[in-house]
Amino acid sequence: MARTVEFKDYSQAWLAVEKQNLTNAIEAMADGIMKIAMVKAPKLKGNLRYSSHINRLSPTEREIVFGGSGIPYAMYQERGMRADGTHVVRNYTTPGTQAHYLEETGDQIVKQGLKAYKK
């Protein structure tokens with residue numbers, strides 16, 4: 001009596017689920033970066049903080065933006081000085097705010113997110 005063995009390939013379904021998991025992880029990291037960076041962003045009237053938004057560039061790519069055409073000082077506040085090295089910010093008046101509020105928060109959240117995703 002001969003027996004047959006049938007192999008089924010579910011790799012496409014697995015890949016689709018993993019792609020969605022990656023998209024969800026990236027979305028969660030972007031949201032986390034945004035929330036923490038909003039607290040660390042300098043605040044005088046709140047224009048810089050409330051100008052922030054997340055651009056979804058692709059299913060696996062996000063861009064977090066503070067500023068824009070209406071907030072020309074956004075990069076100056078993030079870097080702590082103007083691009084030419086002049087006008088260094090020496091004092092952030094709102095407690096808890098700092099230079100590199102977006103960059104440092106992004107690095108921290110992505111590091112934690114990748115660690116969690118690999119588990």
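Guide: A salt bridge joins the side chains of Arg 79 and Glu 103, with 3.0 Å from N to O. The two residues belong to distant parts of the chain, Arg 79 to helix α3 and Glu 103 to helix α4, 24 residues apart. The term salt bridge denotes a side-chain nitrogen of Lys or Arg within 4 Å of a carboxyl oxygen of Asp or Glu, while helices (H or I, at least four residues) and strands (E, at least two) are DSSP runs numbered from the N terminus. The model is predicted, so local features need pLDDT of at least 70 and side-chain atom pairs count only at pLDDT 80 or more, whereas totals for chains, interfaces and linings use all residues. Residues are numbered from 1 along each chain as its sequence is written, and side-chain values use heavy atoms, with hydrogens and water left out.

Helix α4 itself comprises 18 residues, 101–118, and spans 26 Å from its first C-alpha to its last, close to the expected 26 Å; the expectation is 1.5 Å times one less than the number of residues. Its buried residues are Tyr 101, Leu 102, Thr 105, Gly 106, Ile 109 and Gly 113. These lie on the same side of α4, because they cover an arc of only 105° around the axis, the arc being that of the directions from the helix axis to the C-beta atoms. On the face turned away from that buried side stand the exposed residues Asp 107, Lys 111, Lys 115 and Lys 118.

What do the buried residues of α4 pack against? Their partners are α1 (11–40), α2 (47–50), β2 (61–65) and α3 (74–79). Between α1 and α4 the packing angle is about 150°, and the axes are 9 Å apart; axes are lines fitted to C-alpha atoms, for helices over the stretch in contact, and angles run from 0 to 180 degrees between N-to-C directions. The contact (heavy atoms within 4.5 Å) involves, among others, Leu 22, Ala 25, Met 29 and Ile 33 of α1, and Leu 102, Thr 105, Ile 109 and Gly 113 of α4.

Side chains of opposite charge can pair when their charged atoms come close. The count of salt bridges comes to three. In one of them Arg 56 meets Glu 27 at 2.6 Å, N to O; since Arg 56 lies in strand β1 (residues 53–58) and Glu 27 in helix α1, the pair ties together parts 29 residues apart in sequence. Arg 62 also bridges to Glu 27, at 2.7 Å, N to O. Arg 62 lies in strand β2, so this pair ties β2 to helix α1 across 35 residues of sequence. Glu 27 counts as buried at 18% relative accessibility, as does Arg 62 at 19%.

Definitions and conventions. Buried < 20%, exposed > 50% of the residue type's maximum accessible area, 1.4 Å probe, protein only.
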